[in-house]
Amino acid sequence: MKIPQIIKLLPCAVLLMSGCMKEEVDFLRARDCGCEEGDNLPSIGVIIEEQQPFELGEVRDISYTLPEDAPEGLLIGLILNPPPASGGLDHLAVQSSERTTWDVALDTVARIITVAAPAVDWRITPQTAENEIAVYSTDRDARTAIKKLPLKLDYTGIGADSYFFERGVVVGLVYADWYDSEYDWCRVYHIVSLYESPAGMQWSTAPALVNSTSREYCDANLLAYTAYKTANSTPDFPAFEYCIAQGSEWLLPTHHDMAYLFCEYIGYWRHFWEGLFDDYIPTDTYYRDRFNQKLVAVGGTPLSDGTYWTSTEDNDPQYQAGKAMSINFATSEIAVSDKTSAFQVRPVRIWVDWDDCD
């Protein structure tokens with residue numbers, strides 16, 4: 001008989017504690033450890049059901065079982081990666097309203113893993129929105145099996161560093177917020193998508209009078225576009241269509257939206273609607289670099305120094321059919337451009353915090 005290829009307990013524990021995970025093995029049998037086929041060693045991997053996403057601050061008991069042929073004396077342990085803020089059930093109970101990271105406790109007698117999700121919304125980061133438990137079981141021959149259990153927050157809202165989460169996933173970055181009378185004076189967050197069009201797009205493939213003249217509300221311009229498309233089969237509107245394809249909440253930004261985004265991007269706060277920065281050319285890249293670093297850190301596409309479309313048509317009836325407003329992020333120029341020009345498109349959306357109202 002071959003000598004089993006085993007993982008010694010102490011080195012394995014050290015590797016696990018350091019965050020270095022061995023290849024996942026749910027049920028380690030004879031063939032997995034290098035033994036001969038007929039040896040029929042027992043299974044030692046724990047059995048745990050996959051978990052639904054956690055609510056913010058939720059504490060959940062998760063039961064686990066062992067295989068029917070599991071040997072006596074299995075050593076059960078777990079690692080949370082990233083590691084918990086503190087161990088033990090006392091911590092889970094006392095710090096429930098202040099917890100900013102995942103926490104975990106193990107009861108090997110009752111065979112229960114208690115998991116506590118982060119509880120402080122504005123401290124949620126892309127790293128803490130998800131986590132993973134590695135439950136390891138080791139027998140007296142120092143064979144070790146590892147079962148990985150993913151953990152995820154079911155959280156929609158604003159987290160740390162102005163990230164916007166949807167069902168626990170970062171989908172955008174906040175660039176402005178205020179209390180808006182259109183939403184019962186509740187706080188409205190304006191969010192830019194992590195992504196933009198891979199190449200320049202036309203506003204429309206031919207002149208067309210859409211009546212999307214709102215400078216403030218994207219949804220008003222979307223309604224105008226929808227009404228036009230309902231009544232007319234041509235032309236195409238690549239800029240609108242790209243934003244709509246990102247999801248029902250994503251819209252082609254208005255003139256004001258893009259100007260607010262530009263101000264946040266360069267760290268330059270002036271009243272854009274008065275045209276006060278038409279001749280301003282930003283030279284300090286600190287704020288631009290910081291904004292783009294946040295996008296790139298979560299897999300997003302940085303904003304460029306190109307020209308971006310808005311959904312706002314020229315308000316002069318003489319030119320409205322053929323021209324719409326654009327903003328050049330290199331020169332800060334706000335222009336009225338031919339709709340058939342190809343510029344960048346960056347979707348935006350809003351999120352209303354109905355629990356934060358004046």
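Cores and ring pairs

In this predicted model, the largest nonpolar core has 50 residues, and Ile113, Val115, Ile133 and Phe329 have the most contacts inside it. Two or more residues each come from strands S2 (75-81), S4 (112-116), S5 (130-138), S6 (144-152), S8 (163-166) and S9 (169-180), and from helices H5 (255-266) and H6 (286-297). H5 gives the largest share of this core, 6 residues.

Apart from neighbours within four places in sequence, valine 115 is in contact with Phe54, Glu58, Val59, Arg60, Ile62, Trp102, Asp103, Val104, Ile133 and Leu151. Two of the residues on that list also meet each other: the charged end of arginine 60 sits over the ring of phenylalanine 54, 3.8 Å from its centre. Likewise, the charged end of arginine 349 sits over the ring of tryptophan 250, at 5.8 Å from the ring centre.

The structure holds 18 aromatic pairs. In one of them, the ring centres of phenylalanine 164 and tryptophan 351 are 6.0 Å apart with planes at 45°, so the pair is tilted. Phenylalanine 164 lies in strand S8 and tryptophan 351 in strand S16 (residues 348-357), so this pair links parts of the chain 187 residues apart. Both residues, phenylalanine 164 and tryptophan 351, are buried.

Phenylalanine 237 and phenylalanine 240 form another pair; their ring centres are 6.5 Å apart and their planes lie at 80°, so the pair is edge-to-face. Phenylalanine 237 is buried, with a relative accessible area of 0%, and phenylalanine 240 is buried as well, at 3%.

Notes
Residues numbered from 1 in each chain as written. Predicted model: local features only at pLDDT ≥ 70, side-chain atom pairs only at ≥ 80, totals over all residues. Heavy atoms only, no water. Core = buried A, V, L, I, M, F, W, Y, C linked by side-chain atoms within 4.5 Å. Buried < 20%, exposed > 50% of the residue type's maximum accessible area, 1.4 Å probe, protein only. Helix = DSSP H or I, 4+ residues; strand = E, 2+ residues; numbered from the N terminus. Contact = heavy atoms within 4.5 Å. Phe/Tyr/Trp six-rings, centres within 6.5 Å; stacked < 30°, edge-to-face > 60°. Lys NZ or Arg CZ within 6 Å of the ring centre and 35° of its normal.
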